[in-house]
Amino acid sequence: MSETATEQVLTTKDGRPLKASLARALRREKLRALVLIAPLLIFVLLTFVAPIADMLFRSVENSIVEDTLPQTVNALQDWDPSSGEVPGEPVFAALAADLQVAVDLKTHTRLGSRLNYEKTGISSLFRKTGRRVKKMTEPPYKEQFLKADKKWGQVDTWQTLKQFSPRYTDGYFLSSLDAERTSEGLQMKPEDEQIYLLLFGRTMMLSIAITVSCLLLGYPIAFLLAQLPLRTSNLLMILVLLPFWTSLLVRTSAWKVLLQQQGVINDFLVWIGLISDANRLVMINNQTGTIIAMTHILLPFMILPLYSVMKTISPTYVRAAKSLGATDWTAFWRVYFPQSVPGIGAGAVLVFILAIGYYITPELVGGTSGIFISNRIAYHISSSLNWGLAAALGTLLLAAVMILFIVYDKIVGIDNVKLG
Amino acid sequence: MKLKSTILAGTAVALLGSSALAADMTIVSWGGAYSASQNNAYHKPYMEMNPDVNIINDESSAEAVAKLRAMNEAGNITWDLVDVVASDAIRLCDEGLALEINPDTDLAAAPDGTPASEDFGDLLVSECFIPQIVYSTTFGFRSDIAEWNGKEPDDICDVFDLETFPGKRSLEKRPINNVEWALLCDGVAKEDVYDVLETEEGLDRALAKLDTIKDQVVWWSAGAETPQLLADKEVVIGSTYNGRLFALIEEQKQPVKMLWDAQVFDLDGWIVPAGLPDDRKAAVMEYVKFATDTQRLADQAKYISYGPARASSAPLVGKHADLGIDMAPHMPTDPNNAKNTFLYNYEWWADYRDDLDAKFQAWLAK
């Protein structure tokens, strides 16, 4: 447009070019809009974006070694880990000097716990050496350290220290993928320590199973709710929402009472003679328990978006299809169902994303075969205090969800998702 | 206008009043019957003696380690005193999140003048830890199982004996205690257990022993699960904390008995968070001195069946406050119960916990 208006510039009444004036007005409006959303924006940045960024950062952050033992890290630069020999006296002298400071600040035990995640025994090595290091005032230090603990004379102690001396590490991510960096390079951990890939896979499979069963159970209910007159459907809606308002723990415990081997369902089946007393079904503390309990808990998240989408589908379409000779099934499958797909998309994405991060229900009813990756994340946050590993696992989970989201967008199209 | 000024004045008075009258002290513990016992034995008498102190109970001990670290990073410590198990106290001390204590100056001496460091003795497992109770992880079993033909388990290895004692068991979903029991029943002598566990083959041996009962085990993660499973007859024998079993047997009158053999002693006690302002630190140290003296520790045993951590408290243990039964025979430390015991090896587990837990979880998931 601008190239056609080169000859005569349009101006407003006060003589300014129209374009500049318009831009100014728009800018002012944008600024006002920004001020209006500013509280929310700041809130989201502070409470959502910042913590996630912090978590992502923790998964690679490893400054503790260099901060606690700066001289040792420096002295170790000349040491070749593959030489098969323990570093020489200068490194031990640097370690003594660093530890003198660290013991005063009580940071040596913290470093010990950090490195103990990588190599068992370092925690007590630092605690023990910390008690002795005050007496180490005269060289030669190497002998005194070896006397304090023979682990200082083992090459792999120093290899671990050297390997984790950089400020950033990929160690947490490798652990999350059941891999490790050894002297022979990158390789998988021994089979008896591999767990995270299995748990990631299981979390995905169970979440998909839960999403599918929510859809199978939720679709007919939402369909019914959308068809019934408002008065009846409101009543039924309350029945859908009622468990939604009940405490999660209460509902999970109720499933325990129902599903356990001496529980209500098994008692009933034995009573009617369907199964014998000796062969009671195992329906809890395994994957079945997790799927049943979580399907129940997440069902409203499927029904609500489905219902609100179905509410908007005009009944005239189905009527038109039937008047043109379609059977009930054809009218539903060819006319009604395609219009309800946006609701399925919204419900499925919602349920799947909630399921993938679920923690408390699998912990209570999942036994050993029904637990999720989030249970291990919780363990590392609250129990082992290995926050770096927890952050790496969390980051991978986040990445997996993002990838699935992109795949979903490519296949179904995200603009096809509707909440009503 | 009048209403508004009344409200403002009222708020001002309330604020002034509360700050002048009572200083809040937030004490973190486990909740349930345990917190109730502390409330009765420590908090109530202390608040009566010191009307200017207001104790607030927080039930976050289960996630105390993580929360204390987060508070420390945020630079805002909102807790004054935290009840944790000894292994967590060691971890907090290592991380610099708990205050170091000098038992002889910070804690009260026994009535006969024995200094606190001797009275607590070996139970002072960390510089930061103030022991409170001795509890044990042990087994309870149902006494009404027909298939057992009148036999009752009296040996830890009966847990692994599916022939004589068929039925499901419940065990904790972590390696601690389970691998020790497995090795004991695989013929390892008690004093060699940790030496064997340190080796790769040792752990394999323990897991192989656990494999023999694996498909009959329900794994628990909360202490309340085993009592529920026993009461519902879901399991016939299961491990949990002895106080939970006491409540099940004596308070709820379930047909369950104790198997004290190879019970594993563990400690629970206080830590003071590092980095408290001086006035709050002084206030909480005064409370701790009171709450861990000989009489107070003995008083707690009136409400819950855990043994007091002081040697001088043991003779003072009396009857249960409501049930009126003698508490001494229900203490894990009672000579009749403590014929064969195992003491949790804190130093060892601090080193091996992360490694063994990874392997144990991988074994569980298989």
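Predicted model: local features only at pLDDT ≥ 70, side-chain atom pairs only at ≥ 80, totals over all residues.

**Entry 1: the second largest cavity**

I started with the second largest cavity, and its volume comes out at about 40 Å³. A cavity here is a set of points on a 1 Å grid over the protein atoms alone where a 1.4 Å probe fits but cannot get out, and lining residues have an atom within 4 Å of a point. Grid points are joined across faces, edges and corners, and the volume is the space filled by probe spheres set on the points.

I noted who lines the second largest cavity: A:Ile195, A:Gly367, A:Thr368 and A:Ile371, plus B:Lys173, B:Gln361, B:Leu364 and B:Ala365. By class that lining has four nonpolar, three polar and one charged residues. For the classes, Ala, Val, Leu, Ile, Met, Phe, Trp, Tyr, Cys and Pro count as nonpolar, Asp, Glu, Lys and Arg as charged, and the others, Gly among them, as polar.

**Entry 2: ground rules**

Residues are numbered from 1 along each chain as its sequence is written, chains are lettered from A and ligands numbered from 1 in the order in which they are written, and side-chain values use heavy atoms, with hydrogens and water left out.

**Entry 3: the largest cavity**

How many cavities of 30 Å³ or more does the structure hold? I found four. The largest cavity has about 150 Å³ of space. It is lined by 15 residues, and A:Arg127, B:Ser87, B:Ile90, B:Arg91 and B:Ala350 are the closest to its centre.

I checked which helices supply at least two lining residues each: helix 5 (108-116) and helix 6 (122-132) of chain A, and helix 4 (86-94) and helix 14 (346-365) of chain B. Helices (H or I, at least four residues) and strands (E, at least two) are DSSP runs, numbered from the N terminus. Helix 14 of chain B gives the most to this lining, with five residues. The lining splits into six nonpolar, four polar and five charged residues.

**Entry 4: strand 4 of chain B**

Why do I call strand 4 of chain B largely enclosed by the rest of the structure? Because 13 of its 13 residues are buried, where buried means under 20% relative accessible area, exposed over 50% and partly exposed in between (1.4 Å probe, protein chains only).

Then I went through its partners; two strands pair if DSSP finds at least two bridges between them. Eleven bridges join strand 4 to strand 8 (residues 256-271) of chain B, running antiparallel, and B:Arg142 has B:Val256 as its bridge partner there. Five bridges join strand 4 (residues 130-142) to strand 7 of chain B, also antiparallel. In strand 7, B:Gly238 is the bridge partner of B:Gly140, and B:Tyr241 stands opposite B:Thr137.

**Entry 5: strand 7 of chain B**

Strand 7 (residues 237-241) has four of its five residues buried. Strand 5 (residues 169-172) of chain B runs parallel to strand 7, with two bridges, and B:Arg169 stands opposite B:Ile237.

Terms used:
1 Å grid on protein atoms, 1.4 Å probe; cavity = no way out; pocket = protein on both sides within 12 Å on 5 of 7 lines; lining within 4 Å.
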